[in-house]
Amino acid sequence: MLTIGIAGGTGCGKTTVVNQIIEQLPVEEVGVISQDSYYKDLSHLNYEQRSKINFDHPSAIDFDLLHEHLEKLKKGETIDQPVYSFKEHNRTGDAVPTPPRKVMIVEGILILTNPEIRELFDIKIFVHADSDERLIRRLKRDINERGRDLQEVLDRYQNTLKPMHEQFIEPTKEYADIIIPNNRYNTVAIDIVRTIINEKLV
Ligand SMILES: Nc1ncnc2c1ncn2[C@@H]1O[C@H](COP(=O)(O)OP(=O)(O)O)[C@@H](O)[C@H]1O
Ligand SMILES: O=c1ccn([C@@H]2O[C@H](COP(=O)(O)O)[C@@H](O)[C@H]2O)c(=O)[nH]1
């Protein structure tokens, strides 16, 4: 199994890059795991308490479960990937059976912060977009898709996202084998990554 980790700050375009990479690859050969599925279970807290959690700090992620799942996939076992609700700030209780594939892509803001997880990646990619670009994209997405309002996104950006990005996410760029500049759609970089994957698939 070829395991690819794709990190980068919120709104840099990780999910979009993953979708572009897998678009022309055989469905049965490639699987995707999102770090979002591994936000810790917060069922013991009420909504008010959950909304105050710092979701951009590595401690918000259940890295033990992610590690266990990646090891299982490497052994050829199917895992149950938890489903996460951004609206509820919690796991839904559902899970998606995720079988092992020749290529597994893991994407998320914090996936390169954990040394044990980093070791499991054959290729580490960091997607870069400037912070103003990321903020604009995040604003649009969170208001349109995640039920947030303008003030909430701006407060979270200033108080949490920006400092966490600078402290934890940006420094993981140094672990990347490939950095994809993504202020604009970067089809050349996508083609290069796809070529590397295709070489592994033959
Ligand atoms: N290169 C790009 N140029 C303009 N908009 C982009 C680009 N890449 C992604 N987007 C848009 O920005 C938003 C955030 O992208 P997404 O892939 O969800 O980022 P991430 O997964 O890193 O948070 C989405 O609405 C997406 O359509
Ligand atoms: O309940 C939650 C959990 C996380 N977030 C925010 O999501 C982003 C990570 O997702 P991306 O798709 O990479 O942007 C992170 O910055 C968290 O702040 C949330 O809003 N609610």
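Predicted model: local features only at pLDDT ≥ 70, side-chain atom pairs only at ≥ 80, totals over all residues.
Where does I143 lie? I143 is part of helix α5, which covers residues 131-145. A search of the whole structure finds 10 salt bridges, and several of them are described below.

**The surface patch**
- I143, L150 and L154 together make a nonpolar surface patch of about 220 Å².
- I143 itself counts as partly exposed, because its relative accessibility is 36%.

**Helix α3 (residues 63-74)**
- Which residues of α3 are buried? They are F63, L65, L66, H69, L70 and L73.
- Seen down the axis of α3, these buried residues fall within an arc of 160 degrees, so they line one face of the helix.
- An α-helix has 3.6 residues a turn, so residues three or four places apart point the same way.
- After α3 comes G76, which has a positive phi, near 95 degrees.

- K72 and E68 form a salt bridge, with their closest N and O atoms 3.7 Å apart.
- The two residues are four places apart in helix α3, so about one helical turn separates K72 from E68.
- Both partners are partly exposed: K72 has a relative accessible area of 29%, and E68 has one of 39%.

**Helix α1 (residues 14-23)**
- In helix α1 the buried residues are K14, V17, V18, Q20 and I21.
- These residues cover an arc of only 165 degrees around the axis, so they sit on the same side of α1.
- The packing partners of the buried residues of α1 are the strands β1 (2-7), β2, β5, β6 (123-128) and β7 (178-181), together with helix α7 (187-201).
- V17, one of the residues of helix α1, is buried because its relative accessible area is 1%.
- Leaving out residues up to four places away in sequence, V17 touches V127, I180, N182 and I190.
- V17 and T187 are 170 residues apart along the chain, yet their C-alpha atoms are separated by 9.3 Å.

**Two residues in the loop between β2 and α2**
- Q35 is found in the loop between β2 and α2, and K40 is located in the loop between β2 and α2 (47-50) as well.
- Is Q35 buried or exposed? At 0% relative accessibility, Q35 counts as buried.
- Not counting residues up to four places away in sequence, Q35 touches I61, E107, G108, I109, L110 and I111.
- From Q35 to Q81 the C-alpha distance is 10.0 Å, although the two are 46 residues apart in sequence.
- K40 is partly exposed, at a relative accessible area of 36%.
- Setting aside neighbours within four places in sequence, K40 is in contact with S59, A60, I61, D62, N90 and R91.
- K40 and H89 are 49 residues apart in sequence, and 9.8 Å separates them in space, C-alpha to C-alpha.

**Other salt bridges**
- Which residue forms a salt bridge with E88? The partner is R50, and the closest N and O atoms of this pair are 3.7 Å apart.
- Because E88 lies in the loop between β3 and β4 and R50 in helix α2, the pair ties together parts that are 38 residues apart in sequence.
- E88 is partly exposed, with a relative accessible area of 44%, whereas R50 counts as buried at 9% relative accessibility.
- K173 and E170 also meet through their side chains in a salt bridge, at 2.9 Å from N to O.
- E170 is partly exposed, its relative accessible area being 29%.
- R138, R141 and D142 are linked in a network of salt bridges.

Key
Residues numbered from 1 in each chain as written. Chains lettered and ligands numbered in written order. Heavy atoms only, no water. Buried < 20%, exposed > 50% of the residue type's maximum accessible area, 1.4 Å probe, protein only. Arc of directions from axis to C-beta. Patch = residues over 30% accessible without salt bridge, like charges linked within 9 Å, V, L, I, M, F, W, Y side chains within 5 Å. Areas by Shrake-Rupley, 256 points an atom, 1.4 Å probe, with all protein chains shown as cover. Salt bridge = Lys/Arg side-chain N within 4 Å of Asp/Glu carboxyl O. Contact = heavy atoms within 4.5 Å.
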